[in-house]
Amino acid sequence: MLYIKCPHCGMRSQNEFSYGGDASVKRPELNKEISDQDWDNFVYNRKSLRGKHWELWQHLSGCRQWIKVERDTATHEIFNTLKANEDIS
Amino acid sequence: MTQSFRLENVGLVNRDKKLSFKFNGKTYYGYEGDTLASALIANGIHLIGRSFKYHRPRGFFGAGVDEPYAIVQLYRNGETEPNVKATEQELFEGLEATSVNCWPSVNFDIGAINNFLKIFLPAGFYYKTFMWPKSFWYKVYEPFIRKAAGLGVASIKHDKERYEHKYEYCDLLIAGSGPSGLASAYAAAKNGARVILAEDKARFGGTLLTSEANIGNKSGKEWAEGIITELKEMPNVTVKNRSQVFGYYDHNMLVMSERISDHLPKTKKFHPKQRLWYIRAKEVLISSGSIERPIVFGNNDTPGVMLSSAAKEYLKVYGVLVGRNPLIFTNNDSGYESAIEFKKNGVDPIILDTRKNPQSEIVNEAKNLGIKIKFSHVVVAAQGYKKVKSADIAKISDDKEQVGEVENIKCDCICVSGFWTPTIHLASQSGNKTKFNADIDAFVPGISKQNEKTLGAANGVYTLDETLKSSFETGYELSKKITKKDNKISFPNVVEKKSTIHDKFWCVPLPKGKNYKRFLDFQNDVAVSDVEIALKEGYRSIEHVKRYTTLGMATDQGKTSNLNGLQLVSKIENKVVPAVGHTTFRPPYTPVSIGAIVGREVGKHSKPTRKSPMHSWHEKNNAVFVDAGVWLRPRYYKKGNENLFEGSKREAKNVRTNVGVCDVTTLGKIDIKGPDAAEFLNRVYTNAWLKLPVGKARYGVMLREDGIVMDDGTTTRISENHYHMTTTTAQAANVLSHLEYYLQLVWPELNVNVVSATEQWAGAAIAGPKSRDLLQKLFPNFDVSNEGLPFMGYMEGDLFGVKARIFRISFSGELAYEVNVESDNGTFMWKKIMEIGEEFKIQPYGTEALSTLRIEMGHVAGSELDGRTIPYDNSLEGLLSKKKDFIGKRSLTREAFTTEGRQKVVGVIPLDKKTSIPEGSHLVKDSNAPLPNPKLGYISASCWSVEYDNPFSLAILKDGKNMIGEKLFVMSPLKNKVIPVEIVSSHYVDPKGERVRS
């Protein structure tokens, strides 16, 4: 079970969190023309990387904040966690 | 029977407490502190069971966790447990055990005929033989093989014992209480670290209990006792015996099973049987020791052949002789230690040493004691069927390839020592890249992946002095890192006998003309010849060889067989062992009871049960409940002998003619506040929300970004910047997360707060033509007329002194209202509604009637909004705003969602107007078409229409828009039904929606 540092609450076990997918995906702006390809990239197409990966987690059974977690998808090592409003460097 | 193999005044068992126990129906005696194994050996019992494949007699091989043979069916306090290791099970008064895998008895076992057919049962036999015909596998082969080759029998009764889970955090977790575990725990604890020390056996001390070495001026055993006593008194230390750390998971999470009551005749009141510990440790020290390796020789599975360390443990810990005429077969000095113990206790052993001329203190001591030693000698084969009677021995050539003339000598046990294998399971589970150490012919931990270090014998260090030094040092260094303290203790002087190097000999060659079975894996009956066959047949990867031969796949997980298997493969392949590699170590290290894994989450405790505030009223009024997620909801209120069908029909009919009341507390409720709330709702829902006035409700549909309907419900504007959203019962949690996602990550600029209010409000839906009359009486001072409270209107009222929210919304399609009060007032509200509603013939209705009412009205719900449908499919396309953007809108323009002839919700009526249509049935054009019959759609929900008194269903049908009036067939292969039906509009009752506005 992973041990995740919630930027708001500190170290917490994985069972308090739920996974929310790739954190680098940005929702296209509302009311803007967008090609089918770009929209599909937003909704469906993911890279499924091996290695370092920024992903979203929600501290569901805690502060309920969505956070960004940099995790190695192969080793599960967690390098960094950020609040929702902090940008991935 | 007397304990004829028990020595006097030797061992750590409590001779003041004699215990009686039964094995295979016969009564024996042992002492407190015995294991079942030591007590049986004390009584001269060496035949415990039969082997897995050939049903060969099985005795004892080890004295602990590594035991491959002695597994029994245990009976304790009216319960039975399969596959218990006799070497681990502590004796208690009244213990009963039986052999497994033999019929009719362990002495006369019919399956043993396999032993004589073994030439026909080589590796892969089952794969090769039982493949054809395919259908025979389930019906004939598998049940037969399972019966013949099964182990113990699992109980099918409910387990009355209690199992617990515990979560713990510590600075250092130390697995194993041998010399390295004690030393590191002591050093770390003295330096202020929070330490957990776990020992899988009942006694602490590991090899110190049987060692002759001295630490300080004490014996190893006394030193261990002193350390443990001190550790137990320290507040920063948790010391646990009977506790096996069996799994090393991510981020230094380890799991340990503590056997709290297994050693007692009966679990004490309020105590659990076992406890599973989830331990998050900052640092982990693995001091799991090592397991002695067997040497492979002919008939090496005969009862009486066992590890020399086990023989020593039985003698020194339990005061039990494994034989009176022992033969020690060794390639290193450890065998001498066992021989010396025998000699000291008046038994004359013979040592066969594969080495030519070893020189060491221990060898010299054996010589000086007058023990008979034959150098450059091996055991070619054990003789005897149910117990060793003699051994064929021979001289071995210097190149170890040839055996000389065979001589038979009498003996009653053969104690084998093939050197030591570090127990690296936990280190390997943690992700440690293990490496091969050629000096000890075994793998040791290499580069750590997590915060883990391996100490002592588990790390391939076999001298006590070096082990203690490095363990004290490591315990101190790691604790210093964590506690920043600097209390270093000096380590004691160690006196131990020096040993010399071992002989890398592991397998005795067969003499000419002999074809003895030489076993590698004792539990799964894998012999040298089986591995040879696997390699001849082309298996190369050790993982494949393992699976094909089942080497190391038994319940002991190859603790004694893995390395010899690797040696054999590398020899045949002409490779070095590290090039062959080892198979993956996976948790658990030893079998763990399912009960312990499940813990308290059984029966009603497996999930929470949510009840509405009116639950006890429902109970008192004969509600039959149904699970709705984790909620319990009344399905119908039983009157007399009514069944579900009759009861729900009565309730639904009463709503259509008079008035009914339904508990809708379970609906998800989300409180939304903030200046940008309207804008937020406008983006979340597909329809327009900016112009909703205060005091009005609106129905809304929300999508996922992929265009699929996520949920629906009404949202009411309570005040300028305050909204009350309702969701379906099932989606409440998901919708809240969904809203939080957009507010926190996508549109953080919106000033909006959301919070779940589901539990804060009790809700009652009042529905039916007489609902307004009832409402007026409930709120006499408020104008609830059609003008005062129009359809989709909202007002705050006073229900006899209780603040209430009144929404004019309808799920049933009738004139209807929902009244919400604070949860604590829920029962008060409900009783008032029932009391005042009496004159209007009010009846409560449950979820079944609720479904009936919504189905015949054509209102879509969970069975249509099933995560596969878009708004069009549910005839909700009218709610899609063309003017504004919203979540998922762009997806609706994609080709698949705009294709002509897309599925749509329709109504379905059986042509005979009598036959009920099973939910989930398929709709087809031709009921006699050849399979696979093209499916046009499926029945999503069915009811008995109370309006028209005939069955009515909703279906999602291909090109549903153009199918109204078509005649199709409903097919349910599950229920074996074919029903001719007509497709009609989904709005079966009141298609214009006049009633809700009346």
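Author: Let's start with two helices: helix 18 (residues 644-657) of chain B and helix 23 (residues 847-857) of chain B have axes that come within 8 Å and cross at roughly 55°. This is a predicted model, where local features need pLDDT of at least 70, side-chain atom pairs count only at pLDDT 80 or more, and totals for chains, interfaces and linings use all residues. Residues are numbered from 1 along each chain as its sequence is written, while chains are lettered from A and ligands numbered from 1 in the order in which they are written.

Reader: How should I read a helix pair, and what are helix 18 and helix 23 of chain B to each other?
Author: Two packed helices are described by the angle between their axes and the distance between the axes. Axes are lines fitted to C-alpha atoms, for helices over the stretch in contact, and angles run from 0 to 180 degrees between N-to-C directions. Helices here are DSSP runs of H or I, at least four residues, and strands are runs of E, at least two, numbered from the N terminus. Helix 18 and helix 23 of chain B are therefore oblique to each other (under 35 degrees is roughly parallel, over 145 roughly antiparallel, 65 to 115 roughly perpendicular, the rest oblique).

Reader: Which residues of helix 18 and helix 23 of chain B meet?
Author: From helix 18 of chain B come B:Leu644, B:Ser648, B:Glu651, B:Ala652 and B:Val655, and they meet B:Glu848, B:Ala849, B:Thr852 and B:Leu853 of helix 23 of chain B. Being in contact takes C-beta atoms, placed from the backbone, within 7 Å.

Reader: Now the sheet: in what order do the six strands of chain B run?
Author: Strands of a sheet pair through backbone hydrogen bonds, either parallel or antiparallel. In chain B the order is 41-42-43-40-34-44, an open sheet with mixed pairing; strands pair if DSSP finds at least two bridges between them. Its edges are strand 41 (794-799) and strand 44 (843-844) of chain B, each pairing on one side only. Inside the order, strand 42 (residues 802-807) and strand 43 (residues 816-822) of chain B are antiparallel over four bridges. B:Phe807 has B:Glu818 in strand 43 of chain B as its bridge partner.

Reader: What lies across strand 40 of chain B?
Author: Helix 21 (residues 771-778) of chain B does, running at about 135° to strand 40 of chain B. Helix 22 (residues 826-837) of chain B lies across strand 40 too, at about 20° to that strand.

Technical notes: Contact = placed C-beta atoms within 7 Å.
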